Amino acid sequence: MEQCNRCSQCKFVHMPKSQEFSSICPSKYQSRFHASSAGGQVISAYGYHNKLIEASPKMIDSVFACSMCGACETMCKSHMGDNVEPFDTILEFRAQLAEDGKVPETLSNMVKHLEQEGAPHGKRDERSRWAEGLDIKDARKETVDVLLHIGSGQAYSEKQWDNLRFIVKLLKSAKVDFGIAYDSESDSGGLAYEIGYRSVADKLAQEWADLVQKSQAKTLLAISAEAYSAFKNVYPRLNKTLSSVRVLHTTEYFEELLQQGKLSLGMKNTGKVAYHDSCRLGRRSEEYTPWNGEYIRVLNTMAVTDTPRKVNYGNDGNYDAPRQLLSRVDGLDMVELERTRQYSFCCGGCTGVKETYPEMADGAAQELLREAESVGAEVLVSGSSCCQANMAAAAKRSNSSVKVAYLFDLLADSIQEGA
């Protein structure tokens, strides 16, 4: 915390294309106060840790209105390398506030529900209702090559069930040996971890890791971008291993199936489409490597690590597979937003922000719709159902000319069985 030099680069895109779309931190963009930025939260964390300040309601709001998108980490690393750890600091700050009982009630109730039902909402015995009549293998009883993790957001949202059934249909068409864990599937644990409840996250992650091992699956296929991010970025922080299983998101796996000729794409209506890099599918899907070294001070001034460590710049997220899928569809005119890949602007709809601070989630989504309009996009596509739902609701509220689509919704009319 002491190594943050207050440069404010955590708030802005590295080398922006325009001043209009130069902001990178959705909570700072909305609140207009430094306290909401990563640099501001580091100051708050320092003061709270050293008992210089108390956890006032406004300070708690400034911490938990953050969607944990990780943009601050990417921007900070671009300028400061590994000298400052804004994202890890915020994670530790939240963990301390959770331990002290200083978490907004809406979020603490979500975590209680996670503990009881394995999901932030809905009942455990209703988790697999979407799969009724689909005759999907039960990975709890049979071995499978591919274990499909659905995710809480889609499992409990009837609006998403058609997408889930479409994905199942494609897997069957490609003759993939896959299964699901039905009501034994739990939330990945990523949400509890990011809110600050480490023990709940650890329990959920261990339950799922044990089930993955028991299934003997070679590939863990995540539909949820949030779960995908947790498997890659949170599980190493919890010291959880998924054995030798390959962790892929559906965008990566279906691109593989297309390359192998097991599926094909046909014609789609012409239109300008922009792809939004959601945080969990993008920079937050970069694999985290634990490090147990120490910082040492050289020349009485500069802090350096005593052993080498991997620095996450956000470069190795899942950026290409979704674009490759869309580029295969004849008739789609792909345009890029100003803020893309590791510099993408977060929609603000995840990590409980939409439920706890709806105006924050709406404001971030409206900013993305404005960005899409500026590049002439008719459709804004997301590979995250959470992001799609938040941005679609925002578009409806503002009567935006931009339609928001889930990636597999867009592919549904054009993807076909392979020869």
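Predicted model: local features only at pLDDT ≥ 70, side-chain atom pairs only at ≥ 80, totals over all residues.

Colleague: Which residues form one aromatic cluster?
Modeller: Y253, F254, Y406 and F408 do. Rings of Phe, Tyr and Trp (its six-membered ring) pair if their centres lie within 6.5 Å; planes under 30 degrees apart count as stacked, over 60 as edge-to-face and the rest as tilted.

Colleague: OK. How many aromatic pairs does a search of the whole structure find?
Modeller: Seven. Take F231 and Y235: the ring centres are 5.3 Å apart and the planes are at 85 degrees, so that pair is edge-to-face.

Colleague: Are F231 and Y235 buried or exposed?
Modeller: Both are buried, meaning under 20% relative accessible area; exposed is over 50% and partly exposed is in between (1.4 Å probe, protein chains only).

Colleague: And what about W291 and Y295?
Modeller: They make an edge-to-face pair too, 5.7 Å centre to centre with 70 degrees between the planes. Y295 has a relative accessible area of 30%, so it is partly exposed.

Colleague: Which strand does β8 pair with?
Modeller: β8 (residues 295-298) runs antiparallel to β9 (residues 302-305), with four bridges. Strands (E, at least two residues) and helices (H or I, at least four) are DSSP runs numbered from the N terminus, and two strands pair if DSSP finds at least two bridges between them. I296 is opposite V304 in β9.

Colleague: What sits in the turn of that hairpin?
Modeller: Three residues separate β8 and β9, and L299 in the turn has a positive phi of about 55 degrees.

Colleague: Switching to charges: which ring does the charged end of R237 sit over?
Modeller: That of Y288, 3.8 Å from the ring centre. The criterion is NZ of Lys or CZ of Arg within 6 Å of the ring centre and within 35 degrees of the ring normal. R32 also lies over the face of Y29, at 4.7 Å from the ring centre.

Colleague: Last one: where is T74, and what does it touch?
Modeller: T74 is in helix α4 (residues 71-80) and is buried, at 3% relative accessible area. Leaving out residues up to four places away in sequence, T74 touches R283, Y313, G314, Q342 and Y343, where contact means heavy atoms within 4.5 Å.

Terms used:
Residues numbered from 1 in each chain as written. Heavy atoms only, no water.
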